[in-house]
Every structure is written in C-alpha cells, then in structure tokens.
Amino acid sequence: MLLSLFFFLLIGNADGQTAMINVQGRNTISLNGDWNVIIDPAGVGEWQQVWREQKPQKKTDFFEYSFDNGPVLKVPADFNTQMSELTFFEGTVWYRKKFHYTLQPAKRLFLHFGAVNYLADVYLNGEKLGHHEGGFTPFQFEITNMVRSGFNSIVVKANNARQKNGLPGLGYDWFNYGGITRDVNLIETGKTYIKDYSIQLQKGSIDTVAGWVLLDGLHSRQKVEISIPELGIQYKAVSNDEGLAPVYISSKFTLWSPGQPKLYKVIVKIQTDSVAEYIGFRSIETKEGKVLLNNKPVFLKAVNIHEENPYKKARANSKQDALLLLSAAKELGCNLVRLAHYPHNEHMVREAERMGLMVWSELPVYQHIDFTDSAVPAKMGAMLGEMVQRDKNRCGIIVWGLSNETYPGASNRSNALVELTKRCRGLDSARLIAHVINSHKYQGNTFEVWDTLYQYSDIVAVNEYAGWYMPWQGKPSDTKWKITCHDKPVFISEFGGEALYGSKYGRADEAANWREEYQEKIYKDQLEMFATIPNLAGVCPWLLFDYRSLSRLHPVYQQGYNRKGLLSEKGNKKKAWHIMKAYYAAKEKL
Ligand code: GCU
C-alpha cells in the first residue's frame with residue numbers, strides 16, 4: 001500500500017496539486033452558481049489578457065472586453081446547452097467569479113475543481129494559479145498566500161477544442177460538452193491537514209485493511225486516529241516526518257456487495273483536522289476464468305452509461321442526475337455500470353456504491369489516440385493518477401478500464417498501454433484492470449479474440465456488434481470462439497444496435513429502418529450466442545439511454561443521437577429493453 005502512495009506523490013498534476021479527496025467531508029464554500037463569461041471563439045482573450053480585468057484609469061483608456069454586464073453561465077454545467085450560440089461551440093469561454101473572503105490566520109485555503117472540459121487555465125486576482133488538462137478529473141490550487149481579505153476574483157479559461165494529442169483525441173462518439181462541468185469549491189483546512197488516505201481491504205483479504213494516511217503541513221509528525229464506531233475500532237498511529245502513517249486494521253467486516261451494499265462511517269482524525277465518510281469493504285479477484293466478489297463467483301449484469309442527463313440533453317453533474325441514470329440501471333436488473341468512456345462525476349460513483357451497483361471506471365484513451373506524441377504517455381499517467389486518487393476508497397469500483405478500442409497496429413500503442421497498466425497496478429491492487437478491444441476476427445461464424453494487452457489485463461473485455469455492424473455468419477448458437485488468454489474471465493463490454501423508439505416504417509428485418517424489432521432480434525441472437533462463450537463472466541449492452549453524438553447524422557432516425565439505447569432519450573423502453581430485463585432476471589435466479 002505504501003508503494004501506491006509513492007506513485008501518488010510521483011504523479012501530482014501538472015501545475016496544481018493532487019486534489020484532496022472527500023471534498024464533501026470537508027469545510028467547503030461552494031462557488032457554484034452564476035459566473036460571468038466572455039465567449040472567445042477567436043481566442044483573442046489571451047492577447048487581451050482578460051484575466052487582468054483591467055479598468056480604464058485615464059480618460060483616454062479603454063479595454064475591448066469586460067466580464068461585467070456580459071453573459072452569465074451556470075456552474076456546474078456544460079456551456080453548450082446554456083446559450084443557443086454555444087450549441088456546437090468548441091473553443092474558449094472565459095469564466096469569472098467574485099467571492100468575498102475573510103482571512104483566517106490559522107487556516108489554509110484551496111480552490112478545487114471537480115472537472116473542467118478540456119483545458120483549464122486558472123487565475124486569482126490577475127495572477128496565474130496554473131493549468132490543467134483533462135475533462136473528467138479533479139484538480140486544485142492552494143491559494144492561502146494569494147487570497148485577499150475582502151473581494152477576490154477567479155478567472156478560468158475553459159477550452160474544449162479537440163486536441164490531436166488529447167485524451168480523447170480528435171474523434172469520439174459522444175457530445176463534446178465544454179466548460180466548468182462539475183462543482184467548484186473553496187476548501188478551508190488547518191495549517192496541517194489530512195491531505196489523503198487509502199482505507200480498503202488488502203488484496204486477497206476479507207478481514208484486513210492495509211492503507212495509509214498522509215498529512216500535509218507544518219506539524220507532519222502527529223497522532224493519527226482512524227475510528228469505525230460501528231465496529232468499535234479506534235486505530236492509532238503516529239505519522240512520520242513526511243506526514244505518513246501506515247494503517248493496518250483487522251476486523252470482521254460485513255462485506256459490501258450488490259445484495260448488501262454495507263458502508264461504514266470512517267473518521268480520520270488528527271489534532272488539527274478531522275474528515276469522515278462512508279467506506280465499504282469487499283474483495284474482488286479473478287480465478288479460473290471467474291470474477292470473484294468476496295470469494296464468490298459473480299456474473300456481471302452490466303450496462304454502459306454516458307454522463308448525460310437524457311431529459312436535459314446535457315452533461316450530467318448532480319446527485320439527481322446520478323440517481324436518474326443509476327435507477328434506470330437498477331430497473332434493468334444490473335449489478336454493474338460501465339461509466340463510459342471517461343471518469344464520471346463523483347456523485348455517480350458514490351451513489352452507485354450506495355445503491356449496490358458495482359462500477360467500471362474508465363480513462364478516455366479512446367480509439368484514435370496519438371501514442372507517438374511524446375506528451376501522451378505522461379498525460380495518460382496523470383489522468384490515471386487523478387482517477388485513482390479520487391476514487392481509491394470507493395469499494396463499488398471493481399474495474400479500472402484503461403483503454404477502449406485503441407488500434408493494435410498504432411505505433412507505440414501497446415508499449416504505452418502496457419506501461420500504463422503497470423503504473424495502475426503500482427497505484428492500486430484492490431481492483432481489476434481491463435483494456436477493451438474490438439480488433440477480433442469474425443470469420444466462418446468464429447470469433448478469434450486476441451490482443452497483447454490481454455496478457456496484462458485481469459479480464460478479456462470484448463466489444464462486438466454481431467447483428468449490427470457485422471451481419472451474422474451463421475446461427476448465433478453455433479458460434480465458435482478462439483480466445484487466447486483462455487484462463488481469464490470474458491466480459492462482453494459492448495454489443496447491441498440502433499433503433500428509433502416507435503419507428504414503424506419499412507420492413508422490420510431491414511437495418512436501415514431503425515425498427516425496434518430489428519434491435520430486439522439483435523438482442524435475442526446475442527443472448528443465444530452468449531451461451532457459446534467460454535468463461536463468460538458478464539455482459540454489458542451498449543447502452544442504457546439514446547445519447548447525443550455529433551457522429552450520428554441521419555435526419556430521420558438519428559437527429560444527432562446514437563440510438564443504441566435500450567431506452568429512448570425520453571425514457572421509453574424499447575422492445576430490446578425487455579429482452580435484457582428478462583435475461584438479467586433469469587441470471588438472478590442462478
Ligand atoms: C464503439 C464505441 C462506442 C460507440 C459504439 C457505437 O464500440 O466503444 O463509444 O458509441 O461503438 O458505434 O455506437
């Protein structure tokens with residue numbers, strides 16, 4: 001466990017600091033709400049230095065920008081859905097928020113962002129705090145010595161333009177919602193505070209927590225206490241000169257599972273700080289082609305979810321959005337949600353855990369990534385560190401998905417992803433690691449599944465669209481499989497096809513009519529094929545709701561939507577939804 005801390009210390013994000021965890025358990029001042037903005041499609045705000053918010057001093061002075069009296073956008077929220085002129089905007093929006101603060105001599109102050117998509121440059125009172133890249137992970141800046149008593153002004157340059165060497169790269173099949181899409185908080189701490197901690201069962205154990213607590217501040221050598229009142233645990237340790245205290249707690253925990261999502265209140269306390277949150281304990285492993293949860297085989301009844309509220313047609317970011325999406329997964333009969341294709345907001349992960357849904361959390365290392373760009377491996381490492389850093393105490397997360405459908409022949413792809421996998425294992429041994437591959441061969445009604453990345457993964461994750469992108473080559477029940485890495489559990493991480501809810505026109509056996517019956521047939525055939533797959537440990541239809549994607553252009557059937565949802569964007573259950581529901585219900589009885 002201490003090794004994982006070493007990796008965390010190594011990673012930290014570019015300019016800021018590694019974001020502290022459990023924001024909701026800390027002393028926060030929310031900066032959510034109205035922010036003034038300057039929309040900057042030509043990117044001239046940089047040259048104008050708008051973050052300085054200069055005001056005319058002399059009669060001859062003038063400035064060709066102002067945040068005052070300009071448009072106002074809500075935070076957290078994507079900017080695309082707040083103003084019609086921003087609907088398809090991919091570029092820079094400058095945000096400004098004023099806040100009043102009274103300096104507290106014994107306090108430290110941090111500015112924390114849940115996420116900004118995609119590039120963020122942050123300024124306080126005209127001074128640059130730093131830069132962050134990545135649209136789906138938190139970052140923070142300490143502003144203790146920069147914040148003023150009285151009014152202060154934060155300026156954020158948010159830029160969602162696609163980056164050739166970005167994560168994701170230039171092309172992806174979801175809507176590029178830009179802006180300050182998640183919560184923004186000021187966080188007050190003591191001079192020495194509990195910066196980080198890892199409290200999870202050690203790999204292979206169901207009764208021993210092996211972790212650590214990391215303090216930050218002047219008095220790093222302090223008594224540290226971890227209590228779990230319900231178990232009568234009061235673990236005590238002393239942190240060393242680096243502020244680090246190892247944690248070893250043994251107890252007879254009620255283990256977390258979808259059927260019994262038990263969480264314990266855990267309190268971490270030092271003389272000058274205390275944080276609490278609910279943490280669950282479970283073990284997850286693979287063995288002889290099966291996934292074992294708490295030493296028992298589990299079939300992953302999953303569904304893919306994008307971070308979009310279908311009714312708002314916007315980026316999901318709130319607890320209510322999370323409950324809407326996760327309740328729909330529960331209603332389908334799922335016990336796992338694959339949060340595609342990037343780390344979702346923390347509400348999704350925490351609510352899933354509370355509701356008894358296992359989580360697959362994923363990096364946006366998606367399809368065409370420029371692995372030859374020297375900056376890409378470091379970006380992947382930083383984003384991995386930020387994803388694991390935020391959620392390492394979330395027992396509900398059982399899989400780190402490190403890539404999706406990258407091209408095996410792409411230069412440096414396998415080497416870069418093998419390195420990323422090793423780094424992930426150094427950070428966290430309490431979860432499974434997967435790379436999702438769709439480069440299998442499908443010939444003569446036989447799937448040949450192999451990728452070098454499977455050697456480094458815990459499960460063989462396959463996206464296959466037999467019946468949609470690939471016509472069936474024979475009876476689904478006669479499908480043959482040649483899977484290298486045959487001793488590992490197999491997970492069908494995507495399958496399905498499109499249908500426009502209620503579409504009635506044209507023959508039901510022709511794909512081009514987007515009929516529900518066609519999609520329903522795909523699902524019936526897929527379920528038949530699943531019975532032929534050796535070591536099948538789970539399936540995950542693509543996907544729960546129809547969702548927005550700029551890749552989907554058909555004016556009648558798609559209207560800018562990927563229609564592979566089991567539910568329409570209005571929540572209508574398509575015929576295929578009922579097929580999946582029945583399959584999962586039958587699995588439940590096994
Ligand atoms: C791919 C990809 C998804 C995409 C889906 C589709 O497998 O992983 O992101 O949306 O196929 O084509 O609908």
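The following conversation walks through selected features of a predicted model.

Trainee: How far is the side chain of Glu-405 from an oxygen atom of the ligand?

Mentor: An N or O atom in the Glu-405 side chain is 2.4 Å from a ligand oxygen. For Tyr-469, a polar side-chain atom lies 2.5 Å from an oxygen atom of the ligand. Tyr-366 also takes part, with a polar side-chain atom 2.9 Å from a ligand oxygen.

Trainee: And how much of the ligand does the protein bury?

Mentor: The protein buries 95% of the 320 Å² that the ligand exposes when taken alone.

Trainee: Let us turn to charges. How many salt bridges are there?

Mentor: The count comes to 46 salt bridges. One of them joins the side chains of Arg-108 and Glu-142, with N and O 2.8 Å apart.

Trainee: Is Arg-108 buried or exposed?

Mentor: Arg-108 is buried, its relative accessible area being 10%. Glu-142 is partly exposed, at 25%.

Trainee: What about Lys-379? What does it form a salt bridge with?

Mentor: Its partner is Glu-133, and the closest N and O atoms are 2.8 Å apart. Lys-379 sits in helix H5 (residues 376–391) and Glu-133 in strand E7 (residues 127–133), so this pair ties together parts 246 residues apart in sequence.

Trainee: Why does Lys-379 count as buried?

Mentor: Lys-379 is buried because its relative accessible area is 17%, and buried means under 20%. Glu-133, at 22% relative accessibility, counts as partly exposed.

Trainee: Where do Glu-520 and Lys-524 lie?

Mentor: Both residues are in helix H7 (residues 516–530), four residues apart, which is about one turn of the helix. An α-helix has 3.6 residues a turn, so residues three or four places apart point the same way. The side chains of Glu-520 and Lys-524 meet in a salt bridge, at 3.9 Å from N to O. Glu-520 counts as buried at 18% relative accessibility, whereas Lys-524 counts as partly exposed at 44%.

Trainee: Which residues are linked in a network of salt bridges?

Mentor: Such a network links Glu-277, Glu-346, Arg-350, Glu-353 and Arg-394.

Trainee: Now helix H4, please. How many of its residues are buried?

Mentor: Seven of the 10 residues in H4 (residues 346–355) are buried, so the helix is largely enclosed by the rest of the structure. Among them are Met-348, Val-349, Arg-350 and Glu-353.

Trainee: What is found at the start of H4, and what just after it?

Mentor: At the start of H4, a side-chain oxygen of Asn-345 reaches to within 3.0 Å of the backbone nitrogen of His-347. Just after the helix, Gly-356 takes a positive phi of about 85°.

Trainee: Where is Lys-97 placed, and what does it touch?

Mentor: Lys-97 is in strand E4 (residues 92–101). Leaving out residues up to four places away in sequence, Lys-97 touches several residues, including Leu-31, Trp-35, Asn-152 and Ile-154.

Trainee: Two last residues. Where does Phe-545 lie?

Mentor: Phe-545 lies in the loop between strand E33 (536–539) and strand E34 (547–548), and at 7% relative accessibility Phe-545 counts as buried. Phe-545 and Pro-310 are 235 residues apart in sequence, but their C-alpha atoms are 7.1 Å apart in space. Beyond four places in sequence, Phe-545 touches residues including Pro-310, Tyr-311, Leu-324 and Gly-571.

Trainee: And Thr-421? What is it in contact with?

Mentor: Neighbours within four places in sequence aside, Thr-421 is in contact with Leu-402, Ile-433, His-435 and Tyr-456. Thr-421 lies in helix H6 (residues 413–427) and is buried, with a relative accessible area of 2%.

Note on methods
Residues are numbered from 1 along each chain as its sequence is written. This is a predicted model: local features need pLDDT of at least 70, side-chain atom pairs count only at pLDDT 80 or more; totals for chains, interfaces and linings use all residues. Side-chain values use heavy atoms; hydrogens and water are left out. Helices (H or I, at least four residues) and strands (E, at least two) are DSSP runs, numbered from the N terminus. Contact means heavy atoms within 4.5 Å. A polar contact is a pair of N or O atoms within 3.5 Å; within protein, one must be able to donate a hydrogen and the other to accept it, and residues adjacent in sequence count only if both atoms are side-chain atoms. Accessible areas come from the Shrake-Rupley method with a 1.4 Å probe; for residues, only the protein chains shown count as cover. A salt bridge is a side-chain nitrogen of Lys or Arg within 4 Å of a carboxyl oxygen of Asp or Glu. Buried means under 20% relative accessible area, exposed over 50%, partly exposed in between (1.4 Å probe, protein chains only).
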